[in-house]
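Have the viewer open and follow along.

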Amino acid sequence: MSDEILIRRDKIDQLRKQGIEPYEYHFVKTHSSRLIKENFDSLENQDVSIAGRLMTKRVFGKLSFAHIRDENGDIQIAVQQGVTKAKGEVDGANFFKKDIDTGDIIGVKGKVFKTKTGEVTVLAEEIQILAKCLRPLPEKWHGLKDKELIYRERYLDLIMNLDSREVFLKRARIIKSIKNFLDDKGFLEVETPVLQPIYGGAFAKPFETYSNALDTKLYLRIADELYLKRLLVGGFEKVYEISKDFRNEGIDRLHYPEFTMLEAYASYWDYNDMMNLTEELFEKLVMEISGSTEIEYQGEKISFRRPFKRLSYLDELATKLGKDPLAMSEEELKKVGMDIGLKNVHKMPITRLIDKIFDALVADHIKDPTFVVDHPVLISPLAKKHRQKDGRVERFELFILGVEFANAFSELNDPIDQRRRFEEQIKYREAGDEEIPRELDEDFLNAMEYGMPPAGGIGIGIDRLVMLLTNQPSIRDVILFPQLRPKSE
C-alpha cells in the first residue's frame, strides 16, 4: 500500500477513537447542487442539507473552501471556525482540516449564500463524514485520461469526468424516449429468453453454456427475432424488446460481444411502414438531444430532416461493379473481393462475400441517413420476397456515415418458404459457416404453421445510436463496464 493509503487508514482508526463512524448508515439530503444553483433567489439564507464527494479543498486560516460533487455536478461549501461544527461538538473547522480528505463523501448542513465573486455557496454549520476514501483521486487539473483505466475503472471515470456522466445520463434518456415513442404507437414491451436451445435471427457465433437442471446445451441469444415473432403468432399485434444480445466475435470501434438491441414487430405492417417509423423516431431523438434536426458527429454535420434518402442495394452495387452481381460467378466475386482488399475471401460463403463487397463499394461511402432497400434473397433468409422484383426481398438497412444503424424487413410469414430457406442455410453450415445454426428451429417453424400475420420488423443497435447522439468515437465509450483482457500480473 502507498503511504497515502496508510495515512488514510490510520485516520479511520483515529476517527473511531473519537466516536466518529467513518462509514455512516444514513444521511438526510434535502437539496442537490443543481437545485440550489437554479433556485438561489428563493433559497438564499435558507437551510439546506447536501451530500457528495469532496473534489477540492482549500484551507485559509479560519476559513476554508471546498467543492463537493453530487449526481448533478459541483457546489462550493465554506467551512468557518466558530460556525462549523462536527459530530459530538467537535470543532468542525479543525475536523475539516485534519480528518477530511479529497475523495471523502461528506454531508453538509448549512445556509445558502453567494461569495464576493458571485459563486453560490453553502456555509457549513454542520459537517459529517459519510464514507472515507482510502485511495487518492487523480490530480484534478490533469484528470483521468488513460482510456484503458477509464474502461477498467469506470467508477473512477464517473467520479472525475462529468462529461462521461453526461454520456450515460443521455443514454438513459434516449432509451426512455424510445420506449415512450413505441408505447405511444401502441407497441407492448415484452421479455424473451436470453438462454435459448437454438440460436437464430441473425448470423453470428454464439456463446455456449450448459444447464445442469435441463441437462442440455444452451446458447446466449444472438437476436430476439424468432421469439418476438412467436408472440405475433400468439395474437400480440405490436411488440418490442430492448435487450442484451451476445455474439462471440471480435471487438472494434463498432462491435462488442455484449450489446444492446431494440427489436420491434408490428402485425399487418410492411417494410414501408417500418421506414416511416424509423424516420420519425430518429428525427424525434435528434430533436430532443440537439434541439434541431441536425447534429455534428466527429466533425461531420448530419441532417435528420425527413424524408431520408433511398437507394437500391442491387442497382447501386451493379453500377459499382459494372454488371449484375447475381449474374457473376463465385470466382468473379472472389476476385473482386481480393481486388478491394477483403481478407479471407476464399473461406467466405458467397452470401457474406456479396455483403462485404457492398459495404466496401457502397455503404462505406454513405454519409447522410440513407435507406438501402431491396436486398438479394440469398442474403436475407427471414425477409419476404419482393412483390415486384424477382430475386429480391422487401428489406432495408439504415446507413449513416458508412455505419449500419437499423435492419428491417417485410417479415417472411410463409412457413413452407421459411423452412426451405432455413434448409438452404444449413447447407452453408455444413460447408463450414459457423455463424449458421446447426439445426432447424422446429418450434419456430411449428409456430409459423399456425399462421403468422403479415408483419414489419426492425432491429436498431442502441449502442451505435447512443454513440451517434452523444458524439462518441467508440462503442466502449457508451457501455458502462466494457470487458477488457485481464490485467497482466
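First, what is a pocket here? On a 1 Å grid over the protein atoms alone, a pocket is an open set of points with protein on both sides within 12 Å along at least five of seven lines, a cavity is a set of points where a 1.4 Å probe fits but cannot get out, and lining residues have an atom within 4 Å of a point. Grid points are joined across faces, edges and corners, and a volume is the space filled by probe spheres set on the points.

Two housekeeping notes. This is a predicted model, in which local features need pLDDT of at least 70 and side-chain atom pairs count only at pLDDT 80 or more, while totals for chains, interfaces and linings use all residues. Residues are numbered from 1 along each chain as its sequence is written, and side-chain values use heavy atoms, with hydrogens and water left out.

Now to the second largest pocket, which has a volume of about 220 Å³. Its lining has 13 residues, and those closest to the centre are Lys147, Asp157, Asn161, Ser164 and Gln472. Helices (H or I, at least four residues) and strands (E, at least two) are DSSP runs, numbered from the N terminus. With that naming, helix 5 (147-152), helix 6 (154-160) and helix 7 (162-184) each bring at least two residues to the lining of this pocket, and helix 7 has the largest share, with 4 residues. To sort a lining by class, Ala, Val, Leu, Ile, Met, Phe, Trp, Tyr, Cys and Pro count as nonpolar, Asp, Glu, Lys and Arg as charged, and the others, Gly among them, as polar. The lining of the second largest pocket then splits into 4 nonpolar, 3 polar and 6 charged residues.

What about enclosed space? The count comes to 1 cavity of 30 Å³ or more, and the largest cavity has a volume of about 50 Å³. Ile20, Glu21, Glu24, Lys87, Phe95, Ile127, Gln128 and Ile129 line it. Strand 5 (residues 120-131) gives the most to that lining, with 3 residues. By class, the lining of the largest cavity has 4 nonpolar, 1 polar and 3 charged residues.

Zoom out for a moment. The protein chain has 15 helices and 18 strands, and its C-alpha atoms fill a box of roughly 90 × 50 × 50 Å along the principal axes. Buried means under 20% relative accessible area, exposed over 50%, and partly exposed in between (1.4 Å probe, protein chains only); 51% of the 489 residues count as buried. Contact means heavy atoms within 4.5 Å. Of the contacts in the chain with a separation of 6 or more, 65% are between residues 24 or more positions apart.

Two strands pair if DSSP finds at least two bridges between them. Three strands form an open sheet in the order 7-9-8, with antiparallel pairing. Strand 7 (195-196) and strand 8 (208-211) stand at the edges with a single partner strand each, so one side of each is left without a neighbour in the sheet. Strand 8 is joined to strand 9 (residues 216-220) by 4 bridges, and Thr209 stands opposite Leu218 in strand 9.

Further along comes helix 8 (residues 225-234), mostly covered, with 7 of its 10 residues buried. Among the buried ones are Leu226, Leu228 and Leu232, and also the charged-class Glu225, Lys229 and Arg230. The cover over these buried residues includes strand 7, strand 10 (238-246), strand 11 (258-267), strand 17, helix 14 (442-448) and strand 18. Just after helix 8, Gly235 takes a positive phi of about 115 degrees.

Ala408 stands opposite Ile458 in strand 18. In the hairpin of strand 16 and strand 17, which has 2 residues between the strands, Leu401 takes a positive phi near 50 degrees.

Last stop: Phe399, found in strand 16. Is Phe399 buried or exposed? Phe399 is buried, with a relative accessible area of 3%. Phe399 stands opposite Glu404 in strand 17, and its contacts beyond four places in sequence include Phe358, Ile366, Pro369, Val372 and Glu404.
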